[in-house]
Amino acid sequence: MLDIGFFELVALAVLAVLIFGPDKLPKVIQDVSRTLRKIRQFSESAKEDIRSELGPEFKDFEFEDLNPKTFVRKHVLDKDELGLKEIRSGFDFKSEMAEVTDAVHGRESTRPAPSAGAPGTPDLLKKQATRDAGTPPPFDSDAT
C-alpha cells in the first residue's frame, strides 16, 4: 500500500480528523475516492483510444514499455542478440587493474604477459624504429 506503515497510516488518519473534523471527514473521503475513480476511468479510456487508433499491428503495445528503464531492460538486457554477455565475460577488470597498479608502482606484474605472436594482441613493449631526420612522420602533424 504505497509503502505506508501502520504508524504512518494512524498519523494520517489523526491528521485528517484534525484538519477536516469528524463531521466532514466521510464527505471528503467520498469526494476523494470519486475523483480517483474518475481519473482512473479517464486514463483507461485514453489508453483504449490510443490502442484502437494505432491499429492491429500494436495490439500487444504496453504503455509501461515507454518507461526508459523498462524499455532497456526488456529490449537490451534480457536479450543477448548483441553478445553483451560474451563481451562482459571477456573482461577481467580485477586483473587489469592489478596490472596497471603494478606498472604504476614499478613492480613486476603477477599476470603473465601476452605473447607477441598472439593474434589480436599488439606488442606494447616493442620499441619503435627510429626515423631518419629527413623522413616525414607517419601521420600528418598539422592535422593533429
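1. How many helices and how many strands does the protein chain have? The chain has four helices and zero strands, and its elements run α-α-α-α from the N terminus on. The model under discussion is predicted, and the points below should be read with that in mind.

2. The UniProt record, an unreviewed entry, lists residues 6-25 as "transmembrane region". Such an annotation may be inferred rather than shown by experiment.

3. A nonpolar surface patch should be noted. Ile-4, Leu-9, Leu-12, Leu-15, Ile-19 and Phe-20 together make a patch of about 540 Å². One of these residues, Ile-19, belongs to helix H1, which covers residues 6-54. Ile-19 has a relative accessible area of 58% and is therefore classed as exposed, the cut-off for that class being over 50%.

4. A search of the whole structure finds one aromatic pair, formed by Phe-6 and Phe-7. A pair of aromatic rings is described by the distance of the centres and the angle of the planes. For Phe-6 and Phe-7 the centres are 5.6 Å apart and the planes lie at 70°. Why is the pair called edge-to-face? The angle between the planes is 70°, and an angle over 60 degrees counts as edge-to-face, so the term applies. Both partners are exposed: Phe-6 has a relative accessible area of 60%, and Phe-7 has one of 70%.

5. Side chains of opposite charge can pair when their charged atoms come close. How many salt bridges does a search of the whole structure find? The search finds four. One of them joins the side chains of Asp-31 and Lys-27, at 3.3 Å from N to O. These two residues are separated by about one helical turn because they are four residues apart in helix H1. Asp-31 is partly exposed, at 30% relative accessible area, and Lys-27 is likewise partly exposed, at 48%. Lys-27 and Asp-31 also belong, with Arg-34, to a network of linked salt bridges.

6. Helix H1 holds a further pair, Glu-48 and Arg-51. Their side chains meet in a salt bridge with an N to O distance of 3.3 Å. The spacing here is three residues, so Glu-48 and Arg-51 are again separated by about one helical turn. Glu-48 is partly exposed, with a relative accessible area of 45%.

7. The salt bridge between Arg-107 and Asp-102 also deserves a comment, with its closest N and O atoms 3.3 Å apart.

Key:
Residues are numbered from 1 along each chain as its sequence is written. This is a predicted model: local features need pLDDT of at least 70, side-chain atom pairs count only at pLDDT 80 or more; totals for chains, interfaces and linings use all residues. Side-chain values use heavy atoms; hydrogens and water are left out. Patches are made of residues with over 30% relative accessible area and no salt bridge: like charges are joined within 9 Å, nonpolar side chains (Val, Leu, Ile, Met, Phe, Trp, Tyr) within 5 Å. Accessible areas come from the Shrake-Rupley method with a 1.4 Å probe; for residues, only the protein chains shown count as cover. Buried means under 20% relative accessible area, exposed over 50%, partly exposed in between (1.4 Å probe, protein chains only). Rings of Phe, Tyr and Trp (its six-membered ring) pair if their centres lie within 6.5 Å; planes under 30 degrees apart count as stacked, over 60 as edge-to-face and the rest as tilted.
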